[in-house]
Amino acid sequence: MTESTRTYRWAERAMTTVASAMPGSVKSNAIQLGGGYGFPDELPDIVAEAIAAATDRAEGLQYGPLYGLDDLRDEIVRYLQQDGVAATRDNILVVNGAKHGLDLACRVFLEKGDAVIVTAPTYLTAASILKAAEATFMSIAQDESGIDTEELEQKLAARKASGDPIPKMLFDVPDFHNPTGITTSVERRKRLVELAEQFGFIIIEDDPYRRIRFEGEPVPPIKSFDTTGCVIGLGTVSKILAPGLRIGWVNASPEIVRRMAAHKSDHGTCPLLQRIVTQLFQNGKVDHHIASLSKVLRGHRDAMVKAIHRHLPGATVRVPHGGYFLWVELPEGVNADELVKRAAKAGVAIFSGTLSFAEAAPTNFLRLAYSYSPPEKITRGVELVGKVYGQLLAEAGLAAAPSTHRVA
Ligand SMILES: Cc1ncc(COP(=O)(O)O)c(C=O)c1O
């Protein structure tokens with residue numbers, strides 16, 4: 001027997017997890033319009049903070065406190081309070097990114113087969129994490145105001161009437177949703193909290209893009225309407241500073257925080273990185289960086305929208321007021337999986353929308369990220385995608401129509 005011929009006795013959950021869509025490394029020659037990577041030119045300079053953090057070896061190089069450094073938890077509290085969320089240090093658990101927070105929520109809430117409410121489409125990695133937790137799904141449509149709370153209410157009421165179990169958890173990205181870019185209206189946010197109270201489920205509010213706003217007024221977080229502990233907020237510095245730092249947080253009732261902390265198998269997020277991030281909050285660099293990044297990414301978004309109009313005739317794109325992604329609807333009959341394969345051969349990495357559905361997926365959507373590549377590369381990348389798209393249109397016998405866009 002060799003490594004390649006060996007058959008392993010896998011756990012069932014290892015078989016159900018969908019393969020991660022992320023390429024091994026962003027440093028390939030392809031034009032990267034797929035993953036939500038940080039824009040290299042805007043990654044923050046953290047040398048001074050890193051040197052200062054490394055100087056305190058007793059803190060930085062020991063196991064960190066299980067819940068996170070108190071100084072960082074206090075900075076996170078301040079950051080949340082700016083958005084109208086009432087939190088104290090006891091509500092905050094520092095984790096290795098928002099995805100880690102979701103993973104911990106699954107550990108403490110989900111049994112095999114428990115149902116989770118998700119939008120259709122949803123954040124693709126969240127779908128993977130939930131599948132790894134052996135969850136089942138209740139998929140709910142979105143419109144321009146966010147998750148369709150009427151459909152949700154009807155489905156929940158039907159389950160209740162038939163005696164079927166009510167989902168334990170709802171997962172949503174209310175600000176600049178990944179992948180659709182939609183921001184949930186204030187009415188829908190309040191309604192979600194009412195439904196959570198009425199039917200007894202937990203809301204996971206995953207909010208990495210909230211501060212990356214290009215225009216328009218912010219809407220209060222769902223967590224700001226929670227008075228009974230039914231909302232778990234997930235935050236991260238991945239989209240406002242750098243994803244490689246792997247620092248995120250959970251904002252939840254102290255009881256949830258305690259139970260999640262007990263399931264944190266790392267026994268404490270890296271204290272060196274926590275201290276660096278604490279200083280970046282304390283010296284105002286986080287706010288400064290968000291302002292500068294938002295300005296730059298607005299230019300990226302505009303370049304991508306323009307290129308789509310030019311090179312993807314017949315496609316429909318929603319123009320979000322912030323975030324990292326565009327969600328593109330192709331004419332029916334154009335297969336996004338095939339388009340992604342051909343685009344890769346032409347030197348452009350893009351994601352098929354099929355990855356973003358927890359259940360049955362339509363095959364004519366693309367998720368494009370404008371975060372990583374500069375405007376020239378975005379324009380060139382979309383032009384190359386446009387060439388293979390033209391082939392697929394012709395093969396499907398579809399005529400090119402002008403592209404349209406909607407403003408979210
Ligand atoms: C909706 C959503 N949540 C969370 C994250 C980031 O998670 P993390 O903090 O683990 O890097 C992303 C990144 O793509 C995302 O789109």
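Tutor: Let us begin with α6, whose buried residues pack against α5 (98-109), β3, β6 (169-172) and β7 (202-206). Helices here are DSSP runs of H or I with at least four residues, strands are runs of E with at least two, and both are numbered from the N terminus. This is a predicted model, in which local features need pLDDT of at least 70 and side-chain atom pairs count only at pLDDT 80 or more, while totals for chains, interfaces and linings use all residues. Residues are numbered from 1 along each chain as its sequence is written.

Student: Okay, which are the buried residues of helix α6?

Tutor: In α6, residues 124-132, they are Leu124, Ala126, Ala127, Ile129 and Leu130. A residue is buried if 20 or more other C-beta atoms, placed from the backbone, lie within 10 Å of its own, exposed if 12 or fewer do, and partly exposed in between. After α6 comes Glu134, which has a positive phi near 65°.

Student: You mentioned β3, so how does strand β3 pair with strand β4?

Tutor: Strand β3 (residues 115-120) and strand β4 (residues 136-143) run in the parallel sense and are joined over 6 bridges, where strands pair if DSSP finds at least two bridges between them. One of the residues involved is Ala120, whose bridge partner in β4 is Ala141.

Student: And what order do the strands of the open sheet take?

Tutor: The sheet has 8 strands in the order β2-β9-β8-β7-β6-β3-β4-β5, and their pairing is mixed. The edges are held by β2 (92-95) and β5 (146-147), and because each has a single partner strand, one side of each is left without a neighbour in the sheet.

Student: Switching topic, how is the protein chain divided into domains?

Tutor: There is domain 1 (18-43 + 288-407) and domain 2 (47-283), with bounds that come from an automatic or database domain assignment. Taken over C-alpha atoms, the centres of domain 1 and domain 2 are separated by 26 Å.

Student: How many residues of domain 1 are in contact with domain 2?

Tutor: 29 residues of domain 1 are in contact with 29 residues of domain 2, where contact asks for C-beta atoms, placed from the backbone, within 7 Å of each other. On the domain 1 side, α11 (285-311) and β11 (325-329) each supply at least two residues, and α11 gives the most, with 7 residues. That side of domain 1 divides into 15 nonpolar, 9 polar and 5 charged residues. In these classes Ala, Val, Leu, Ile, Met, Phe, Trp, Tyr, Cys and Pro count as nonpolar, Asp, Glu, Lys and Arg as charged, and the others, Gly among them, as polar.

Student: What about the inside, which residues of the largest nonpolar core touch the most other members?

Tutor: Of its 112 residues, they are Leu93, Leu130, Ile204, Val250, Val328, Ile350 and Leu368. A nonpolar core is a set of buried Ala, Val, Leu, Ile, Met, Phe, Trp, Tyr and Cys residues joined through C-beta atoms within 7 Å. This core draws at least three residues from each of domain 1 and domain 2. Setting aside neighbours within four places in sequence, Leu93 has contacts that include Tyr67, Trp249 and Val250.

Student: Is Ala315 buried or exposed?

Tutor: Ala315 lies in the loop between α11 and β10 (316-319), and Ala315 is buried because 25 other C-beta atoms are within 10 Å. Apart from neighbours within four places in sequence, the contacts of Ala315 are Ile308, Val328, Glu329, Leu330 and Ser403.

Student: And Leu61, where is that one placed?

Tutor: Leu61 is in the loop between α3 (57-60) and α4 (70-81), and Leu61 counts as exposed because it has 12 other C-beta atoms within 10 Å. Leu61 and Pro271 are 210 residues apart in sequence, yet from C-alpha to C-alpha they are 7.1 Å apart in space.

Notes:
Contact = placed C-beta atoms within 7 Å.
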